[in-house]
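Please look over the sequence and the fold before reading on.

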Amino acid sequence: MTRKCVLATSQLNQWSLDYDGNRDRILEAVRQAKDAGASIILTPELCIPGYGLLDHWLENDVYANSWDIVAEILAHEECQDIIIDLGLPIQHRGCSYNARVIALNGQVLAIRPKLDLCNDGNFREMRYFSPWPRGRVDDYTLPPVIQRLPSKQRRCRIGEVAFEALDGSFASETCEELWTPNSPHSLYSLAGIEIILNSSGSHHELRKLDTRINLITEATAKTGGVYMYSNQRGCDGDRLYYDGCALILNSGKVLAQGSQFSLRDVEVLTALVDLDEIWAWRTSRSRGMQANQPDVQRLERIQVDYMLCKASDMLDPRTRLAEAIEPRYHLPEEEIALGPACWMWDYLRRSKAAGYIVPLSGGIDSCATATIVYSMCRLVVAEIKAGNQIVINDAKRLSGQDPQDLSAEQFCHKIFTTCFMGMKQQSSKETRGRAKELAEAIGSYHIDTNIDKMVEALHTVVTGILDYQPKFKVHGGSNSENLALQNFQSRSRMVLTYALGQLIPSARGGSGGLLILGSANVDECLRGYLTKYDCSSADINPIGGISKTDLKRFIKWAEDNFHLPILGEFLDAVPTAELEPITETYVQSDEEDMGFTYDELSVLGRLRKTFKLGTVGMFERLVVDWSGHMEPRKVYEKVRSFMYYYAINRHKMTTMTPGLYLESYTPDDNRYDLRPFLYPAFTFEHRKIENLLKKMEEGEAGFGSDSR
Ligand SMILES: Nc1ncnc2c1ncn2[C@@H]1O[C@H](COP(=O)(O)OP(=O)(O)OC[C@H]2O[C@@H]([n+]3cccc(C(=O)O)c3)[C@H](O)[C@@H]2O)[C@@H](O)[C@H]1O
Ligand SMILES: Nc1ncnc2c1ncn2[C@@H]1O[C@H](COP(=O)(O)OP(=O)(O)OP(=O)(O)O)[C@@H](O)[C@H]1O
Ligand SMILES: NC(=O)CC[C@H](N)C(=O)O
């Protein structure tokens, strides 16, 4: 016996509130699924309006508009004879739900609202939706736009239901439901359901794909059955990159996996599976006993007069089923090269800007930003070669020519400006030279200039007003004077960058403006080692969520994989802001200035955010972890100093350039890491640690059961 069916899942580059575009991408996915002979097509979570609407979810319009699109899809001639699983928000009895509409031949089979909402990190689903209680099922009156369709359907069921077609069964499990300890797929498998449909809105985080695939593999290895996963892809209007990677698994084995980073708007994955193979996974008596529990059998089933396995009759019995494949994972370095590059392409094409500009200093951070833009250009050129018409059209607008014959470097030259802005006394020829060489290697349109005149002008105005001459520290000035003079330079750079960004396209014979890229990394943000309204004030920042240590790994990877030997020189250079005059005996160095190495900051940043530790908790962890090379009192000084600078500079995070979220240690204040920005001096915590230290220094006997 065989019950062979073709199943399809999709990854769609939806854009929040782009109803027409989102509908067209869904229609294209349905078309491709039908061409492959699929009986079911799964689409991403909330894919009709897009996943990342944030407070737009509170608007009544979104619900009505979404139903309008459902009606268009149901009525569409190419959307018949296939089960379509769509994502949209639903209102029911005065509550709002994140839901699936499962439809066939112009009719809604049922609505399945999400049971477990995602509300941590960047997710705020509880702000907009109510979780649907497990087991509840109601009648739902469909909106007039659906009632007016030829099927004249008035009502459907809404709730936790499963579907029984004539030859197979399926049920939904939406995104976060997979990630919870009590996932519904266990119940559904015990209830005999054969196919689980998981539609997700899951954004990219370094190394997160491993977790996703592990969760699904473990789920199906234990329960048996087919698991389909669909995810949004791209930048849908916020600082997240959704990384697609749709999947089809059968009983612990991956059968199909979509790409994680690509510029394709629609990707459909199909697999031919035999539902009869699932039987072998479900013959144990222990499972049978659990399956006979009353709560398992209470699951309401929607009867569907449709054959899922129509392929069985039409196919030559010798046709091979989809075979197991090894899941594909990118190295974290590669994820940094590709994820931000894809996000930046969506941002560029959707903002209709003319390109990007970055102030290129010859240091690692702006170098990493520039390398990511180059990576974007490489992806664009590869996609043009593959004949992707949407990319070709966008590249044509941006380059002002037929882009078919452009190399990545030539395309980069058209859309990317890099600018070194030196100062006679502060800038070294090494940084200037590195910036120039990198620009040459990636092909960017490079400007090498000095900003002494701008800074002098500001200096003249300020000293004129105050009738007072501030001095750098190396010339005998105070700390405040030293900082103010550094800031004259750094802020002048941002002012100049905006001016250039607005005018470069016109000056080069084109039109429009460039988007300004910022390049502050996570560690500098934590320590506040950046100038407010300089690098805090660009348009977007592709590396805003990445620590210096991960950036260095990425640069090393790019040196080899993008064949850019110049990157080695950036890795070898001592990081310096070059904001103070270089003298015979003094060259400014980031790590000395900050009082921390970047590696230390990386550790402290992770403890603060990912491990959720306060001042005392950090000390207690580090006094063990760093015991090999640091005395407890020195550890205390580090933690104390870190928290001091963190606290006095947290206000800078309120103005930071929107950075792409990439890691769980991100300090982004606007969406992810919500904290105050006016702090007391942590004297209470200091006292606690000092008491601890005292006991440690007095010897072990000093410790009682209450060691704090
Ligand atoms: N509690 C508070 N709440 C809200 N705002 C507060 C505040 N305290 C100060 N402020 C504001 O913040 C200002 C001080 O911050 P800010 O202007 O950034 O200046 P500040 O932090 O004093 O100096 C910038 C630091 O960044 C370093 N740096 C390193 C590497 C590169 C770059 C670069 O830019 O290329 C800079 C530079 O060496 C220096 O140590 C004050 O003048 C005040 O306006
Ligand atoms: N001479 C310069 N010319 C152009 N841009 C500069 C210059 N100096 C600094 N910048 C800009 O200001 C940003 C912040 O400077 P910062 O010194 O923190 O970073 P960086 O030089 O890129 O890297 P590193 O931290 O390794 O020195 C830089 O990323 C760069 O965009
Ligand atoms: N949209 C969601 O429910 C997301 C769930 C899950 N934590 C993820 O990141 O994939």
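Which residues does Tyr-242 touch, not counting residues up to four places away in sequence? They are Tyr-51, Gly-201, Ser-202, His-203, His-204, Asn-231, Gln-232, Arg-233, Gly-234 and Asp-236. Contact means that the C-beta atoms of two residues, placed from the backbone, lie within 7 Å.

This is a predicted model, where local features need pLDDT of at least 70, side-chain atom pairs count only at pLDDT 80 or more, and totals for chains, interfaces and linings use all residues. Residues are numbered from 1 along each chain as its sequence is written, while chains are lettered from A and ligands numbered from 1 in the order in which they are written.

**Tyr-242**

- Tyr-242 sits in strand β12 (residues 242-243). Strands (E, at least two residues) and helices (H or I, at least four) are DSSP runs, numbered from the N terminus.
- Tyr-242 is buried, with 30 other C-beta atoms within 10 Å. The cut-offs on that 10 Å count are 20 or more for buried, 12 or fewer for exposed, and partly exposed in between, with C-beta atoms placed from the backbone.
- His-203 is 39 residues from Tyr-242 in sequence, yet their C-alpha atoms are 3.9 Å apart.

**Ligand shells**

- A residue belongs to a shell if its C-beta atom, placed from the backbone, lies within 6 Å of the ligand.
- Classes are set by residue type: Ala, Val, Leu, Ile, Met, Phe, Trp, Tyr, Cys and Pro are nonpolar, Asp, Glu, Lys and Arg are charged, and the others, Gly among them, are polar.
- Ligand 1 has 16 residues around it, and the closest are Ser-490, Thr-531, Lys-532, Ala-577 and His-651. Helix α16 (residues 479-507) gives the most to this shell, with 4 residues. The shell holds 7 nonpolar, 6 polar and 3 charged residues.
- Ligand 2 has 22 residues around it, of which Pro-359, Ser-361, Gly-363, Asp-365 and Pro-575 come nearest. Two or more residues each come from β17, α11 and β18. The largest share, 4 residues, is from β18. By class, the shell around ligand 2 has 10 nonpolar, 7 polar and 5 charged residues.

**The parallel sheet**

- Four strands form an open sheet with parallel pairing, in the order β19-β18-β17-β20. Two strands pair if DSSP finds at least two bridges between them.
- Strands β19 (445-450) and β20 (514-516) are at the edges with a single partner strand each, so one side of each lacks a neighbour in the sheet.
- From one strand to the next, the twist averages 25°. Axes are lines fitted to C-alpha atoms, for helices over the stretch in contact, and angles run from 0 to 180 degrees between N-to-C directions.
- Strand β17 (residues 355-359) runs parallel to β18 (residues 416-422), joined by 4 bridges. Val-358 has Thr-418 in β18 as its bridge partner.
- Helix α14 (residues 429-442) packs on the sheet and touches β18 and β19, with its direction at about 170° to that of β18.

**Pairing around β7**

- Strand β7 (residues 155-159) pairs in the parallel sense with β5 (residues 107-113) over 2 bridges. Strand β6 (residues 137-141) is antiparallel to β7, over 5 bridges.
- Arg-157 in β7 is the bridge partner of Ala-110. Asp-139 also stands opposite Arg-157.

**Nonpolar core**

- A nonpolar core is a set of buried Ala, Val, Leu, Ile, Met, Phe, Trp, Tyr and Cys residues joined through C-beta atoms within 7 Å.
- The largest core has 190 residues, and Leu-7, Val-70, Met-228, Val-373 and Val-380 touch the most other members. Helix α11 (residues 364-385) contributes the most to this core, with 13 residues.
- Leaving aside neighbours within four places in sequence, Val-380 contacts Leu-263, Trp-345, Val-391, Ala-395 and Phe-411.

**Positive phi values**

- Arg-93, not a glycine, has a positive phi near 50°. Arg-93 lies in the loop between β3 (83-92) and β4 (95-104). Arg-93 is exposed, with 7 other C-beta atoms within 10 Å.
- Phe-682 has a positive phi near 55°. Its loop lies between α23 (632-649) and α24 (683-698). Phe-682 is partly exposed, with 19 C-beta neighbours inside 10 Å.
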